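Have the viewer open as you read.

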Amino acid sequence: MNSKGLIFVATFALSLLDCEQSAEVSIPMFPDGGLLRTGRLLSREQLYLFEGMFDVPKGSDVLGAQVAVRSSKGTISLLTDKNAGFSVLGAACLPDGRVVAEGYWQYPTLVEAGLVRLFVDPPEVAEALCAGYVPAPPVELRGYYGRDNEFPREPFTLIWKHELKPWRGTFYTVAHHGACENTDHCGASSNSLESIRLAERIGSNAAEIDVRLTRDGVPILFHDPGLSKSLVRGLFCNGQVKDLSFAELRGSCQLRYGELIPTVEEALEMMINDTEMEGAYLDVKEPEGILPAARVASRTLAQLAERNSNADPNDDRRFAVLIAITTDEARTAWHAAKPQLESEGLLVPPCLVEYDPDVVLAEGCTAWGPTWTEGPQSESVQRLQSSGAATIFWTINQSEFIDEFLKQAKPNGIISARASLLFYRYQTLGTPPRRPDGTHR
Amino acid sequence: MTTLSRATSSRHARHGATALIVAAIALQASFASAEELPSWPPARGIDRDRPETTKSAYPVMRDPFPSVSSVEVWGAVGPSVTFGEPANPEYSRSFRRVGYVGEIGVAYRSSYFVDPFLLVTYADLAQGEASLPSGKWGEGGTLEQHLGAIVIAPGITTDLWRIRLRYGLGVAVVMQSFRFAGEGTSSTQLPLANQFGLGFNVFQAEHLRLDAEAKLVVATGADVSFATLSVVARGDLIRFGGE
């Protein structure tokens, strides 16, 4: 081959170099469905037994020497700050009288995961659970963990140490557009229903979701203005979100891991009916989206109020929806939206202001949502809390900054893509936020 | 174990381009021996490496392509294949990702290493139909989908004996249209587009050259990639220098 050809081929080859690494995402599962399949799942009330701070005398390699354990519908979650790791377990009473808790562990930022199988100790506690009772702590969990798809063989022991600090209705671990960032490997796309469900299982009790409008004015969950390949797939899924109708979007697009793009209405209904999450923070990306998003929020809250006023107290549900006012243009749109909602017979939903604490009070909003880059701003936080408004910082993912804000600002919540890390750090060194009377919860 | 892998159309593009390069190297190597060269009548009897007054008893390896400059124009047609799948298999009723392309272009050909060109390509890329159930949009029905592109790209090309390599970087006008419930809409995107071409000269006369060309077009910003196999008819519009 002559030099001319070599040079041209080399140039072609160099132009094709693409350094993008595509990692495999793997959520381990027991190949035969595990022991859970053979047992009777524990009730929701029984799962509260497992909540607390646990020491990890064996198996600290995977989730550290201490974990925070919380529960949700059908799930026990082990949460830690080691690589922001978490473990999601189900629990069941087996025919032989043992109680098993099994599932998987994962580091969201690394492609590392494995299986977990634990048994409740002492036997008297397992016996009480299988008899349908809700015993009191302490409880121990003894078993094994594995790596990748290997059967668990490494010793893993958790010993209950003390109760969790108050967090339900007190401190909000707000999931940043679902459980994971786009660069994470948790197997669910951001701003998807699946991601919001996973967010609760890994430590969140609220979710921040991004809202955009389709061409025909349907508020959907989506972050970017464009349908980029980093977020969606589909041969006919191209262009700007605002250029497609909801039917075109639903018929042509899926999120990165195959989920449908949900509407705000679908997301709020799912959060209320399928999770125990306490709130949704609607980050409306365009001012023209404020009214449609607020309309959906108001109708959802009205339906919830009607449900809570019925004769059955067992289905009562507490859930808040905050419309985020992010800019002056959004504030103008909010001013226009309020009388429109009232003319439609709808209540104005609560609001949150991101940029100025004085505007929070001026607008009568429920919360202030400052960016963490401005620092803890402890005085402003305290002033607003004294006036009955909450403070939720965004978006903090590093443990050193989480610690700083928890200790100095003592906020009502933090938006984070590392829910496990945030929940754990709040439990270890956080302080419940101030009440309006200045005391802490 | 549940495994989810992110296969992107750019991965297809990389594999396709790699295959083009390997094919180019193989074809070039197959014509390495002077004795194996086909006897092309040169357009003009001018030896590239020897002055006219010098004669040699040994056979001269003649460049089959003219060493004078020219403005070359070409036209090409052929089928295309678009990489990708419809997003929602449960809705998708029919799907076609084999389409067609038509192209016109102009190049300045000279004795230099590479020659510049400018081309315009129209591609009818893909078409589909999806059945939507009743939902927030009202009654269910058929969603018709269509994808096309116009690519305008300058680039460079070089000839390696009978092999023509091309690379262009330009703009793609990606056109997407839908029709649902009697209403049609369309939108466009303007991403950058890379194109890699590998052509083989199958016929040459004094004023006409015919190539078979494989090409890969990657519009990264729109996540649209397609490959084509075209018949290219080329001819010199204007010649400079020589006879």
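Two parts are in contact when heavy atoms lie within 4.5 Å. Helices (H or I, at least four residues) and strands (E, at least two) are DSSP runs, numbered from the N terminus. Buried means under 20% relative accessible area, exposed over 50% and partly exposed in between, with a 1.4 Å probe and protein chains only.

The model is predicted: local features need pLDDT of at least 70 and side-chain atom pairs count only at pLDDT 80 or more, while totals for chains, interfaces and linings use all residues. Residues are numbered from 1 along each chain as its sequence is written, chains are lettered from A and ligands numbered from 1 in the order in which they are written, and side-chain values use heavy atoms, with hydrogens and water left out.

**A buried helix face**

Start with helix α5 (residues 193-201) of chain A, where A:Leu193, A:Ser195, A:Ile196, A:Leu198, A:Ala199 and A:Glu200 are buried. What do the buried residues of α5(A) pack against? Their partners in chain A are the strands β4 (66-72), β7, β11 (172-176), β12 (206-213) and β13 (219-221), together with helix α7 (264-274). After α5(A) comes A:Gly203, with a positive phi near 120°.

**Helix pairs**

Two packed helices are described by the angle between their axes and the distance between the axes. Here, axes are lines fitted to C-alpha atoms, for helices over the stretch in contact, and angles run from 0 to 180 degrees between N-to-C directions. Angles under 35 degrees count as roughly parallel, over 145 as roughly antiparallel, 65 to 115 as roughly perpendicular and the rest as oblique. A crossing is left-handed if the near helix is turned anticlockwise from the far one by less than a right angle, and right-handed if clockwise.

| Helix pair | Axes come within | Crossing angle |
|---|---|---|
| α12 (residues 399-408) and α13 (residues 419-429), chain A | 10 Å | roughly 45° |
| α7 and α8 (residues 290-308), chain A | 10 Å | roughly 30° |

The angle between α7(A) and α8(A) is roughly 30°, which makes α7(A) roughly parallel to α8(A). α7(A) passes α8(A) in a right-handed crossing. A:Val264, A:Glu265, A:Leu268, A:Ile272 and A:Asn273 of α7(A) meet α8(A) residues A:Val296, A:Ala297, A:Thr300, A:Leu304 and A:Arg307.

Among the residues making the contact are A:Ile402 and A:Leu406 of α12(A) and A:Leu422 and A:Tyr426 of α13(A).

**Rings and charges**

Rings of Phe, Tyr and Trp (its six-membered ring) pair if their centres lie within 6.5 Å; planes under 30 degrees apart count as stacked, over 60 as edge-to-face and the rest as tilted. The count comes to 14 aromatic pairs over all chains. In one of them, the ring centres of A:Phe86 and A:Tyr104 are 6.4 Å apart with planes at 80°, so the pair is edge-to-face. A:Phe86 lies in strand β6 (residues 86-93) and A:Tyr104 in strand β7 (residues 99-107) of chain A, so the pair ties together parts 18 residues apart in sequence. Both A:Phe86 and A:Tyr104 are buried.

The rings of A:Phe246 and B:Trp137 have centres 5.5 Å apart and planes at 40°, so this pair is tilted. The pair joins two chains, because A:Phe246 lies in helix α6 (residues 246-252) of chain A and B:Trp137 in the loop between β5 (115-132) and β6 (141-160) of chain B. A:Phe246 is buried at 3% relative accessible area, and B:Trp137 is buried at 18% relative accessibility.

A charge sits over a ring if NZ of Lys or CZ of Arg is within 6 Å of the ring centre and within 35 degrees of the ring normal. The charged end of A:Arg44 sits over the ring of A:Tyr48, 4.0 Å from its centre, and B:Arg166 lies over the face of B:Phe117, 5.3 Å from the ring centre.
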